[in-house]
Structures are given as C-alpha cells and as structure tokens.
Amino acid sequence: MVHPLVSIRDLKLEASTNRGVAHILRGISLEIGRGRILGIVGESGSGKSSLAQTMLSFLPANVSGVSGEIVFDGVDLLKLRPSEVQSYRGRRIAKIFQDPMTALNPVFTVATHLVDVIRRREPGLPRKEALRQAEAALTSVGIADARLRLEAYPHQLSGGMRQRVMIAMALLVRPDLLIADEPTTALDATVEAQIVDLLKSLRQELSGSIVFISHHLGLVAELCDDLCVMYGGTVVESGLVADVLVRPRHPYTRALLACEIEDDAEGRLVSIPGEVQDPVAPMTGCIFAPRCPHVVEACRVTVPALRPSDSGRAACIRFEEIA
C-alpha cells in the first residue's frame, strides 16, 4: 500500500477578531497522493489559502488556535518547533504565490533571488555554478534571453515573466510538495494558459506532488488528478477530477459548475444566491444550507460527514436523493 505524501486530519484553524473567534478551517481532512496534482477550488473565503498557509506555518498574529494533524511524509508538521518547520520550507515544500510582484523583493535582481534558493540547498556552491543553474532554470520555464533577465529587477519584467521566475525558484528547490496558490490570478487569459501549460510540462521534472489552488474549474480539470471542493472552511466534496466534475454529488459543487462562464440562450451569467457563512458563526448544521436549493429541515440541524459516494466523497445527507 502506497501511503499519501500528505495526510491532513481534522485540521481546525481559529483566529481572534473584534467580533469573536473566527472559525477559518472547520475540521479539514484530505490526502495528497505521491506524484499527484490535487486541485482545491471554492469561492473567496472558503479557506483555500488559509489551508496552504497552515501547511507552511505561515500564520497571522491573530491566530488563536490550530489543532488536528498535517502528516507530511510521516511527520506531523503541527508538532514541530518553528526551527524544525523552517527546515521543510524552501527545501521539501515550496510555494508559488498569487502575486509575484509582492512575493519577489523589489530591491534584488532575479539572479539574487535564484542564487539564494540554490545556496540554501547547496551552501558551498560557487557563485559561477549557481548562476549557471539559475540561467538554466529560467530557460526551462520558457524565459528567452535568460542570461540578460538574470540582471533584471522584478519591476522590469511582465506579470507572466515574474510568475515564471517564481516557478523557476520552486523548481530549484526540487520540492517534494509544491503549493501553487492561485498562480494565475494576476495574469491575463493568454498568459494564464501559458502558465498552466508550463506546469503540465514540468510535472515530470518536479517529480513530486502539487497542490493547485484556483477559482477556475476549467484549469483544474485540465491540470489536476484529484479535486477537493471547499466551502466555508470545510471540505464538501472530494475525489478524482474526472469523476467529481462528471458526477458532482454536493449541491455546492453543482452550483460552482453552473457558474462557469458559457454562452447560453439568454446571455445571463449564473451566480450562487446568498453569501458564504460568517466564520464567526457556529456551524450547527450543513454549512451550505442557507444557500442550498435542496435544503430540508434536517440539513439545518445536522452537520454532515464527508462520506463515500459513487464519485468520491461528499458532505451532504441528501446526495443519494438529489443525484
């Protein structure tokens, strides 16, 4: 039996606010298979980025509680001291951020960014060899005139090129786990497609697992093996991408699919009525109940478990009836 690279169990994240305790993650459980790409989708506020930050222990100062397990290759990251977690970041776990303009230091050249990553992995490496590896990394992500670009500063590059630099940095880490947190959000549609194609082509070179966080189900369907649908800090559905998208069992997954932009006879854009539940409010029933078209009274008083369905797992007490 092949054990997953990452196994997350009952992960909860709480933060103090001036209105009370906010429940950011409400008992997340999921697995990331070795060599597989897991797509995580959901509206803004569903907890996608918070999950990624918790995996890396990048947490804001107002976090008041973290519980559960994040077992990475047999080690529970939540039980490690900060210095021990630091040994995983930038070595075995790497991250591509949403906005490379804010993730890259504006006062350092591209060469400095890349060489720092290389020397973190190989401290005694001569600068000449580090620069050679940096140039090769830029070439591998499709940046022309790589030697010239090494001397550029982030503001001298386009958004697409900055994102490619971020991906090159991640490749130089040679991580077992790459977290791509909405890496195409700040890009136009053409560059977005190029970045997704790049991730697909580099998949074998990474030789590890990827978590791809996105709002765009189309991109996830094209790139990922597995799918996790999050809502209000919970996992509402998971399974193989092809199975979940063809046979979605949770009403929220169906609603997300209906919101994908397509031409229809009346030219209308579909949306999901209502708003994501306030994270300060307790979860006394199904988190999606206030917005669900299939809600019954039992949904409002029962917190549904994530249980097996014919396409994966779904947290809905009625998915057999509404299938």
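Over how many bridges do strand 3 and strand 9 pair, and in the parallel or the antiparallel sense? I looked this up first. Strand 3 and strand 9 (residues 226-231) pair in the parallel sense over four bridges. I count two strands as paired if DSSP finds at least two bridges between them. Helices (H or I, at least four residues) and strands (E, at least two) are DSSP runs, numbered from the N terminus.

**Ground rules**

I am working on a predicted model, so I note that local features need pLDDT of at least 70, side-chain atom pairs count only at pLDDT 80 or more, and totals for chains, interfaces and linings use all residues. Residues are numbered from 1 along each chain as its sequence is written, and side-chain values use heavy atoms, with hydrogens and water left out.

**Strand 3**

I followed Val41 to its partners. Val41 stands opposite Val229 in strand 9. Its bridge partner in strand 8 is Ser214. Strand 3 and strand 8 pair in the parallel sense over five bridges.

I then checked exposure. Buried means under 20% relative accessible area, exposed over 50%, and partly exposed in between (1.4 Å probe, protein chains only). Five of the five residues of strand 3 (residues 37-41) are buried, so this strand is largely enclosed by the rest of the structure. Both faces are covered: Ile37, Gly39 and Val41 lie on one side, Leu38 and Ile40 on the other.

I traced an open sheet of four strands, in the order 2-1-4-5, with antiparallel pairing. Strand 2 (20-32) and strand 5 (75-76) stand at the edges with a single partner strand each, so one side of each has no neighbour in the sheet. Strand 1 and strand 4 (residues 63-72) pair in the antiparallel sense over eight bridges.

**Helix 8**

I took the length of helix 8 (residues 189-201) next. Its 13 residues reach 18 Å from the first C-alpha to the last, close to the 18 Å expected at 1.5 Å a residue. The expected span is 1.5 Å times one less than the number of residues.

Which residues of helix 8 are buried? I found Val191, Glu192, Ile195, Val196, Leu198 and Leu199. They cover an arc of only 155° around the axis, which puts them on the same side of helix 8. That arc is taken from the directions from the helix axis to the C-beta atoms. On the other side, Ala189, Thr190 and Ser201 are exposed.

I also listed what the buried residues of helix 8 pack against, including strand 6 (93-96), helix 5 (127-140) and helix 7 (159-173). Contact here means heavy atoms within 4.5 Å.

**Helix 7 and the cores**

Helix 7 has 15 residues and reaches 22 Å from its first C-alpha to its last, close to the 21 Å expected at 1.5 Å a residue. I find helix 7 mostly covered, with 14 of its 15 residues buried.

I define a nonpolar core as a set of buried Ala, Val, Leu, Ile, Met, Phe, Trp, Tyr and Cys residues joined through side-chain atoms within 4.5 Å. The largest has 65 residues, and Leu114, Leu138, Ile167 and Phe212 have the most contacts inside it. Helix 7 gives the largest share of this core, 10 residues. Apart from it lies another core, of 27 residues, among them Met55, Phe72, Tyr88 and Ile179.

I looked at Leu138 by itself.

**Positive phi**

Most residues other than glycine have a negative phi. I noted the exceptions. Asp10, in strand 1 (residues 6-17), has a phi near 45°. Asp10 is partly exposed, at 41% relative accessible area. Asp145 has a positive phi of about 50° and lies in the loop between helix 5 and helix 6 (146-149). At 54% relative accessibility, Asp145 counts as exposed. Arg174, which follows helix 7, has a positive phi near 55°.

**Cysteines**

How many disulfides are there? I count zero, taking a disulfide as a pair of cysteine sulfur atoms within 2.5 Å. The sulfur of Cys224 is 11 Å from the closest cysteine sulfur, in Cys228, too far for a bond. Cys224 is buried at 8% relative accessible area, and Cys228 counts as buried at 1%.
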